[in-house]
Amino acid sequence: MDRQTVFSGLQPTGNVHLGNYLGALRNWVKLQDSYDCVYCVVDLHAITVDYDPKQFEQDRIEAAKVLLAAGIDPDRSLFYFQSQVPQHSELSWILGTMTPTGVLNRMTQYKDKVAKGEAANLGLYSYPVLMAADILLYHASLVPIGDDQRQHLEMTRDLAERFNNRFGNVFPVPEALIPETTARVMSLADPTAKMSKSDPNEKSRVLILDSPDVVRKKIRSAVTDSDPDVRFDTEEKPGVSNLLEIMSTCTGRSIDSLVDEYGSAGYGKFKDAVADAVIAELAPIRSAYQNLDDDEVARIMRRGALDARTKAEGFQQIAREATGLAAI
Ligand code: TYM
């Protein structure tokens, strides 16, 4: 039987942080062992908000380099920049013709970004349609993501069904793969908000390339609460619960066993143990990163784009034929 296809993407805006890694990237890396994986640096998504083109060129390469260092293996997975494969945009247009604007009006990420001051442009509005195109283009059936992408994935499933009902059974209806712990890694500065690239407070997130000293400082300064017990309670103790989840994912230990060990150890000792776990998890990524150079990354991305274009074109023919757009 053919192996199922996995697709996921990451925007090259700002630095990759622990939320991206524990929410999604760790799964990307693991899935390479048992699936055909397609991973994409989604630069077209990133330009839907204000950006500086010179800085962006650098950020794109940087994001690719971090993903390679984290374990994306270009010999086993298709890995490339979204803008280099025009079939994404073509399928997005087709899917856009069957996306009700009422559905887009309900997208919370769009509303949040506009509320925070981003211009309400058409690209930002139709962002989830392009995301659906990314996934459906390769007939992917599994999509490793963090919890914040759940609504977009639901819309993707809905579009696959709409398309199939209208044009015949073309697309698998994809499933989200969302981790049980760390599906939503919270900000270290405000544990009621998710850790995010756009937070102006740098202490709110650990970056994947932060040095051990910086990781320790940030985790030591993580906001907790005044009751000294270490226990899991997302309502009463969101900061401590976030650190427990982070440590659990990094060590592979259950939250219960961590609570048994650190329940009354005090926050100082607990935070140091969390920092140790995060530092150990990130150490191999930092050293792999130091061994990669930008030229090599560019070469990998060029090759990835060539392979992806060939594969995408094969799939896109199917969508064109189904919709009456076949070559004549
Ligand atoms: P992006 O670039 O914001 O984030 C990349 C991945 O990291 C996850 N993530 C988190 N997980 C847990 N806790 C957090 N605090 C946290 N912050 C981010 C995201 O859920 C995501 O999986 N729209 C997507 C990019 C995209 C995509 C796709 C994803 C474009 N096309 C197709 C999957 C399939 C995004 O903005 O991710």
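This is a short tour of a predicted model, with stops to select one after another in your viewer.

**Stop 1: the ligand**

The shell around the ligand holds 27 residues, and the closest are Gln11, Tyr127, Asp134, Asp148 and Val185. If you colour the shell by class, you will find 12 nonpolar, 11 polar and 4 charged residues. Strand 1 (5–10), helix 1 (18–31) and helix 8 (127–137) each contribute at least two residues to this shell.

An oxygen atom of the ligand lies 2.9 Å from a backbone N or O atom of Gly146. A nitrogen atom of the ligand is also 2.9 Å from a polar backbone atom of Met195. Taken alone, the ligand exposes 710 Å², and the protein buries 96% of that.

**Stop 2**

Select Thr5, which is part of strand 1. Thr5 is buried, because its relative accessible area is 11%, under the 20% cut-off. Leaving out residues up to four places away in sequence, Thr5 touches Asp36, Val38, Tyr138, His139, Ala140, Ser141 and Leu142.

One of those partners, His139, deserves a click of its own. His139 belongs to the loop between helix 8 and strand 4 (142–144), and with a relative accessible area of 16% it is buried. Check its backbone: His139 has a positive phi of about 55° although it is not a glycine. For context, most residues other than glycine have a negative phi.

**Stop 3: Thr182**

Move on to Thr182, in the loop between strand 5 (175–177) and helix 10 (212–220). Is Thr182 buried or exposed? Its relative accessibility is 1%, so Thr182 counts as buried. Thr182, too, is not a glycine and has a positive phi of about 55°.

**Stop 4: helix 1 and Arg26**

Go back to helix 1 and pick Arg26. With 18% relative accessibility, Arg26 counts as buried. Show its side chain and that of Glu281: a polar contact of 3.1 Å joins the two. Apart from residues up to four places away in sequence, Arg26 touches Tyr21, Thr249 and Glu281.

**Stop 5: helix 9**

Select residues 150–167, which make up helix 9. Colour the buried residues next: they are His152, Leu153, Met155, Thr156, Leu159, Ala160, Phe163 and Asn164. As you look at their spacing, recall that an α-helix has 3.6 residues a turn, so residues three or four places apart point the same way. Just after helix 9, Gly168 takes a positive phi of about 100°.

**Stop 6**

Glu57 is in helix 3 (residues 53–70) and counts as partly exposed at 48% relative accessibility. Draw a C-alpha to C-alpha distance from Glu57 to Asp43: the two are 14 residues apart in sequence and 9.6 Å apart in space.

Thr251 lies in helix 11 (residues 238–251). Thr251 is partly exposed, with a relative accessible area of 34%.

How values were computed
Residues are numbered from 1 along each chain as its sequence is written. This is a predicted model: local features need pLDDT of at least 70, side-chain atom pairs count only at pLDDT 80 or more; totals for chains, interfaces and linings use all residues. Side-chain values use heavy atoms; hydrogens and water are left out. Helices (H or I, at least four residues) and strands (E, at least two) are DSSP runs, numbered from the N terminus. The expected span of a helix is 1.5 Å times one less than its number of residues. Buried means under 20% relative accessible area, exposed over 50%, partly exposed in between (1.4 Å probe, protein chains only). A residue is near a molecule or strand if one of its heavy atoms lies within 4 Å of it. A polar contact is a pair of N or O atoms within 3.5 Å; within protein, one must be able to donate a hydrogen and the other to accept it, and residues adjacent in sequence count only if both atoms are side-chain atoms. Accessible areas come from the Shrake-Rupley method with a 1.4 Å probe; for residues, only the protein chains shown count as cover. Ala, Val, Leu, Ile, Met, Phe, Trp, Tyr, Cys and Pro count as nonpolar, Asp, Glu, Lys and Arg as charged, and the others, Gly among them, as polar. Contact means heavy atoms within 4.5 Å.
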